[in-house]
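Open the model in your viewer and keep the selection panel at hand. This tour goes stop by stop: select, look, move on.

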Amino acid sequence: MPDTYDTLRSILTDAFRVPEDEIRPELTLEQLDLDSLALTELVLILHERLGVRVSSEHASRGTALAEVVAHLDALRAGGTGAVTSS
C-alpha cells in the first residue's frame, strides 16, 4: 500500500499545481488555496486512486492535510474514518 501522505502530496502537486515545498501536514486545504470546486475534484481523484469515498466533511477547506491522511488511512483499513482534531 503506497504511503497515503505521499499520494496526497502527489495529487496536490500534479492536479492542483501546489508547489511541493509548500505542502506540510499541518496546513489546511484552504491554506493551499483549494476552493470548493477543487475539493470536489480532490475527492474524485482520491476515489479513483485509492478506491475510497471521502465525505465532504473530511475534505473541507478547514481540514488539515494530516487529518485527510488519517481519514484516508482509516477508510483504507476498513475503519469508520472518524478523526478528531487535537
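## Stop 1: Asp33

Begin with Asp33, which counts as exposed because its relative accessibility is 68%, over the 50% cut-off. Asp33 sits in the loop between H1 and H2. Check its backbone: phi is near 65°, a positive value in a residue other than glycine. Most residues other than glycine have a negative phi. Bear in mind throughout that this is a predicted model.

## Stop 2: Arg17

Stay in the loop between H1 and H2 and select Arg17. Arg17 also has a positive phi, near 55°, and is not a glycine. Is Arg17 buried or exposed? Arg17 is exposed, with a relative accessible area of 67%.

## Stop 3: the whole chain

Zoom out and colour by secondary structure. The chain has 3 helices and 0 strands. Along the sequence, the pattern reads α-α-α. For the labels used here, select 4-16 for helix H1 and 36-50 for helix H2. Helix H3 covers 65-76. Of the 86 residues in the chain, 38% are buried. Now consider contacts between residues at least 6 apart in sequence: 53% of them join residues at least 24 apart.

## Stop 4: H1 against H2

Two packed helices are described by the angle between their axes and the distance between the axes. For H1 and H2, the angle is about 130° and the axes are 11 Å apart. The two helices are therefore oblique to each other. H1 passes H2 in a right-handed crossing.

- On the H1 side, pick Thr7, Leu8, Ser10, Ile11, Ala15 and Phe16.
- On the H2 side, pick Ala38, Glu41, Leu42, Ile45, Leu46, Arg49 and Leu50.

Sorted by class, this contact has 9 nonpolar, 2 polar and 2 charged residues.

## Stop 5: H1 against H3

H1 and H3 pack at about 120°, and their axes lie 9 Å apart. This pair is therefore oblique. The crossing of H1 and H3 is right-handed.

Select the residues in contact:

- From H1, take Thr4, Tyr5, Leu8 and Leu12.
- From H3, take Leu65, Val68, Val69, Leu72, Asp73 and Arg76.

By class, the contact of H1 with H3 counts 7 nonpolar, 1 polar and 2 charged residues.

## Stop 6: the core

In soluble globular proteins, nonpolar side chains tend to be buried together. Which residues have the most contacts inside the largest nonpolar core? They are Leu8, Leu12, Phe16, Leu34, Leu42 and Leu46, in a core of 24 residues. H1, H2 and H3 are the elements that give two or more residues to this core. H2 gives the most, with 6 residues.

Beyond residues up to four places away in sequence, Leu34 touches Leu12, Val18, Leu29, Leu39, Leu42 and Arg61. That last name leads to the next stop.

## Stop 7: Arg61

Select Arg61, in the loop between H2 and H3. Arg61 is partly exposed, with a relative accessible area of 35%. Set aside neighbours within four places in sequence, and Arg61 is in contact with Thr28, Leu29, Glu30, Leu34, Asp35 and Leu39. Draw a C-alpha to C-alpha distance from Arg61 to Asp35. How many residues separate Arg61 and Asp35 in sequence? They are 26 residues apart in sequence and 7.2 Å apart in space.

## Stop 8: Thr28

Thr28 is in the loop between H1 and H2. Thr28 is buried, because its relative accessible area is 16%, under the 20% cut-off.

## Stop 9: Arg53

Finish in the loop between H2 and H3, at Arg53. Arg53 is exposed, with a relative accessible area of 66%. What does Arg53 touch, not counting residues up to four places away in sequence? Arg53 touches His47 and Leu75. Arg53 and Leu75 are 22 residues apart along the chain, and their C-alpha atoms are separated by 8.1 Å.

Notes. Residues are numbered from 1 along each chain as its sequence is written. This is a predicted model: local features need pLDDT of at least 70, side-chain atom pairs count only at pLDDT 80 or more; totals for chains, interfaces and linings use all residues. Side-chain values use heavy atoms; hydrogens and water are left out. Helices (H or I, at least four residues) and strands (E, at least two) are DSSP runs, numbered from the N terminus. Buried means under 20% relative accessible area, exposed over 50%, partly exposed in between (1.4 Å probe, protein chains only). A nonpolar core is a set of buried Ala, Val, Leu, Ile, Met, Phe, Trp, Tyr and Cys residues joined through side-chain atoms within 4.5 Å. Contact means heavy atoms within 4.5 Å. Axes are lines fitted to C-alpha atoms, for helices over the stretch in contact, and angles run from 0 to 180 degrees between N-to-C directions. Angles under 35 degrees count as roughly parallel, over 145 as roughly antiparallel, 65 to 115 as roughly perpendicular and the rest as oblique. A crossing is left-handed if the near helix is turned anticlockwise from the far one by less than a right angle, and right-handed if clockwise. Ala, Val, Leu, Ile, Met, Phe, Trp, Tyr, Cys and Pro count as nonpolar, Asp, Glu, Lys and Arg as charged, and the others, Gly among them, as polar.
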